[in-house]
Amino acid sequence: MPSLTPRALVLTAGALILLATGIIVGTSFASDDRQSARPLVIGHRGAAGYRPEHTLASYELAARMGADYVEPDLVSTKDGVLVARHENEIGGTTDVAAHPEFTARKTTKTIDGTAVTGWFTEDFTLAELKTLRAKERLPAVRQRNTIYDGLFAVPTFQEVIDLTKRLSRELGRTIGIYPETKHPTYFRSIGRPLEPALVRALDRNGLNTRRAKVFVQSFETANLKALSGELKVPLVQLLDARDLRPADVVAAGGSTTYGDLATPAGLHAVARYADGVGPSKDYIVPRSSTGASLAPTSFVDDAHAAGLVVHPYTFRNENQFLPLELRSDGGVDSNAYGNAITEDRRFFALGVDGIFTDNADTAVVARGTDG
């Protein structure tokens with residue numbers, strides 16, 4: 001396992017120290033999960049391969065399949081409540097279009113530099129959102145999931161926390177949560193910052209502690225740097241495509257790309273404010289122009305050398321998400337299952353500390369019951 005990050009150095013009496021860089025860091029995180037050799041299975045949006053994502057049913061199924069953590073993406077309502085949705089645009093994940101009372105709220109907004117048309121959580125109160133029902137985001141890929149369309153409500157972050165507490169009691173093991181702040185620069189720009197509500201929720205539920213089973217993640221950098229002074233739980237820097245820049249960097253006129261953050265020097269810089277990185281799979285095992293796996297990179301070793309844990313995304317069973325050599329029947333049916341267990345095992349063998357997966361049961365089998 002990697003050494004502790006600079007942010008995670010053990011400090012006496014929980015004292016804070018000021019690094020030479022001027023960044024304030026907190027106490028160590030010492031959960032057995034994060035220091036054992038057993039890689040984590042993180043239920044990506046719950047069990048999105050089997051239920052509409054970001055529903056309580058999806059999170060519960062992931063936990064019952066053996067996931068160590070469930071991952072809610074967090075956005076804000078008009079009245080400042082954190083809810084779990086993949087994006088703040090909800091036309092693709094709820095039945096809002098079928099509600100004539102909300103037809104006039106369809107609009108176009110610029111989110112992180114991209115024009116998006118639809119309905120947005122920040123234009124709905126929680127009470128209004130609760131009248132909607134979730135639906136499968138990828139119906140062409142997961143047609144079987146569509147039988148659950150219309151059954152489940154949009155959950156609040158508090159409801160996700162309450163669910164993990166109940167399941168922890170029922171299953172006899174602690175189910176962790178791994179929230180992601182979605183578009184934090186955008187939400188801050190409209191006067192609904194995500195971070196204060198996130199910190200309050202963790203504090204209120206006794207989860208802002210070194211031993212709480214919580215990771216907080218973001219594709220942006222500025223909010224993680226700010227949260228590093230407020231949260232005792234580990235923070236994870238997500239990495240998008242190498243040529244892209246985090247939205248907060250773009251907003252500030254900076255030039256740093258995700259590729260820059262993924263270099264050995266960049267990873268050491270990340271370790272000043274975060275405890276882990278969540279790269280897309282190709283940072284670790286690139287693919288050729290035909291989709292076949294290439295030789296692994298040094299990314300895992302580089303991140304571990306910086307003291308960072310590595311949780312790559314996203315592992316899925318369907319052919320279209322697998323490398324060429326693991327697709328069933330040559331990938332003729334892009335939505336058929338391929339040899340996902342072999343891909344999961346390949347990444348575990350490369351030393352990753354956990355994986356984000358839509359199919360928690362597959363990852364649990366690949367990991368092995370003996371850890």
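In which loop does R211 lie? In this predicted model, where local features need pLDDT of at least 70, side-chain atom pairs count only at pLDDT 80 or more, and totals for chains, interfaces and linings use all residues, R211 is found in the loop between helix 6 (195-204) and strand 11; helices (H or I, at least four residues) and strands (E, at least two) are DSSP runs, numbered from the N terminus. Residues are numbered from 1 along each chain as its sequence is written, and side-chain values use heavy atoms, with hydrogens and water left out. R211 counts as exposed because its relative accessibility is 55%, exposed being over 50% relative accessible area with a 1.4 Å probe and protein chains only.

The largest pocket holds about 940 Å³ of space. A pocket is here an open set of points on a 1 Å grid over the protein atoms alone, where a 1.4 Å probe fits, with protein on both sides within 12 Å along at least five of seven lines, and its lining residues have an atom within 4 Å of a point; the volume is the space filled by probe spheres set on the points, which are joined across faces, edges and corners. Of the 38 lining residues, F219, D240, L244, Y258 and Y313 are the closest to the centre of this pocket. Helix 8 gives the largest share of the lining, three residues.

The second largest pocket, with about 220 Å³ of space, has a lining that includes G49, Y50, E318 and Y337.

Methods: Buried < 20%, exposed > 50% of the residue type's maximum accessible area, 1.4 Å probe, protein only.
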